[in-house]
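Let's take a walk through a protein model together. Keep the 3D view open and turn it as you read.

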Amino acid sequence: MAGLMNNYFYGKAGKGDYTVDQMPTTRKQLFFTTLRVRFSSMVGLNLLHVVFLLPMIIWLFINYQTLTMYATDEAYKLGGAEMKAAYEAYIEKYDLYNAIQNEAQNTAELEYELGDVNAKIAKIEAGETIMVKEAPVVEGGEETERPATVEELTKQKEELEAKIAKQQEYRDYAADEAFMETLKSDYQETWKEYNSYRRSALLSNISMLLLVMIPMMGLAGIGSTGQMYILRNWARDEHAFMWQDYKASIKENWKQGLVVGLLNGLSLFLAYIAYVFYGDMASSRGVFFVIPQMLMVVLLIVWWMINEVIFPMMVTYDMKLSQLIRNSAIMVVARLPISFVILLGSLVVPVLLVFFVPYPQISMMILVLLYGLIGFSLTGFVYASYANDLFDRYLNPRIEGAEVGKGLHRPDDDEDDEEENKPAETAETEKPENFWEHKSR
């Protein structure tokens with residue numbers, strides 16, 4: 001065990017150091033290099049971050065059982081008296097319609113059998129012999145045949161006529177095409193009414209789910225400031241003390257993290273309400289309302305692409321919230337295809353599990369294990385690496401004294417090291433601290 005821990009912290013003995021040629025020179029190389037080194041540490045960071053997500057996870061789990069039940073035939077158990085009454089009316093009319101059709105079919109079969117019995121009786125009365133099969137006397141024996149008698153055929157005829165007489169009511173209903181069409185229309189209307197109640201109840205539950213999630217996502221936003229500070233450092237191949245830096249970053253950035261988290265929750269709630277509203281308007285008043293409906297979807301996508309950058313920027317630069325949002329929006333739109341692909345990639349696994357795993361319980365269990373152990377940190381690490389690249393492209397070159405390409409090896413690094421090792425001829429005066437250094441150091 002001691003050897004295992006020693007290898008974990010210090011690596012294997014005798015393993016050579018990186019050479020200059022092996023050091024990463026691109027963000028892609030740096031990403032995979034640091035991911036391999038920091039993967040196990042991301043598990044611990046993920047567990048720490050889950051503490052801030054715990055209220056939201058519990059709330060989603062509670063509502064998951066309810067929402068999935070609306071997709072089953074037992075959804076009426078969750079609704080009110082009107083929804084239950086509509087379901088019972090549908091079942092009553094639907095069962096009656098099927099019973100009439102089935103019994104009418106059975107009557108036709110009985111009438112055919114009755115005609116066959118009458119023909120046999122006529123043949124026997126005309127002097128012909130009709131043979132009937134009898135079951136074997138002992139199990140496994142052979143069937144036997146014997147001549148049928150008028151008495152037993154007459155008894156069979158009376159039984160069939162009694163059954164047909166009992167089904168006369170269903171026969172009359174089935175023969176009445178207007179009645180059957182009305183009954184079919186009635187059960188279809190009651191089904192639509194029941195689905196209308198079910199849809200209203202489902203939409204109401206989703207609205208309440210998203211509304212309650214707003215403060216919970218605000219709490220998650222606070223935790224994201226601590227998580228993203230550490231992931232940003234790791235993505236730049238810099239050291240970070242997990243607990244101390246996590247706590248220090250939250251202390252410094254919790255207000256902005258809280259506001260962005262609340263905006264995340266509000267974006268989901270408002271986009272959902274608008275999507276449903278404009279969808280209903282499009283169904284009742286025309287396809288024109290599809291335009292604002294799709295516009296809300298686009299705005300939601302853009303906002304969540306902004307989330308790829310805003311938290312890394314928050315813990316790196318000393319900016320107002322309006323500046324954070326504006327700069328993040330400009331950068332993700334400037335790199336729109338990549339920003340969208342990264343957002344899409346972060347949703348692929350959950351969507352595949354939810355829609356392609358046949359058992360919801362299994363997909364939910366996999367999601368809980370995946371994101372409970374590594375999912376949030378891994379997604380955040382991708383965002384941090386992407387944000388570092390955007391900062392080097394659009395922000396750091398515009399900031400006097402800001403270092404570009406942190407964590408990357410450049411050919412002039414060796415020359416800079418040699419110059420630093422030379423004795424200074426003159427004393428350097430202390431430079432004033434720039435606004436970006438307050439957080440980025």
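Start with Tyr87: its relative accessible area is 14%, so this residue counts as buried. Here, buried means under 20% relative accessible area, exposed means over 50%, and partly exposed is in between (1.4 Å probe, protein chains only). Before we go on, note that this is a predicted model, where local features need pLDDT of at least 70, side-chain atom pairs count only at pLDDT 80 or more, and totals for chains, interfaces and linings use all residues. Residues are numbered from 1 along each chain as its sequence is written, and side-chain values use heavy atoms, with hydrogens and water left out.

Now look for Tyr90, 3 residues from Tyr87, or about one turn along helix α3 (residues 81-125). Helices are DSSP runs (H or I, at least four residues), numbered from the N terminus. Tyr90 is buried too, at 12%.

What about Tyr94 and Tyr187? They make an edge-to-face aromatic pair, with ring centres 5.2 Å apart and 75° between the planes. Rings of Phe, Tyr and Trp (its six-membered ring) pair if their centres lie within 6.5 Å; planes under 30 degrees apart count as stacked, over 60 as edge-to-face, and the rest as tilted. Tyr94 sits in helix α3 and Tyr187 in helix α6, so this pair ties together parts that are 93 residues apart in sequence. Tyr94 is partly exposed at 30%, while Tyr187 is buried at 14%.

A search of the whole structure turns up 15 aromatic pairs. One of them is Tyr87 with Tyr90, a tilted pair at 6.5 Å centre to centre and 50° between the planes.

Next, follow helix α6 (residues 177-235) to where it packs against helix α2 (residues 27-69), at an angle of about 155° and with the axes 10 Å apart. Axes are lines fitted to C-alpha atoms, for helices over the stretch in contact, and angles run from 0 to 180 degrees between N-to-C directions. The two helices are therefore roughly antiparallel (under 35 degrees would be roughly parallel, over 145 is roughly antiparallel, 65 to 115 roughly perpendicular, and the rest oblique).

One last stop in helix α6 is Ser200, which is partly exposed, at 44%. Ser200 and Gly79 are 121 residues apart in sequence, and their C-alpha atoms are 9.6 Å apart in space.
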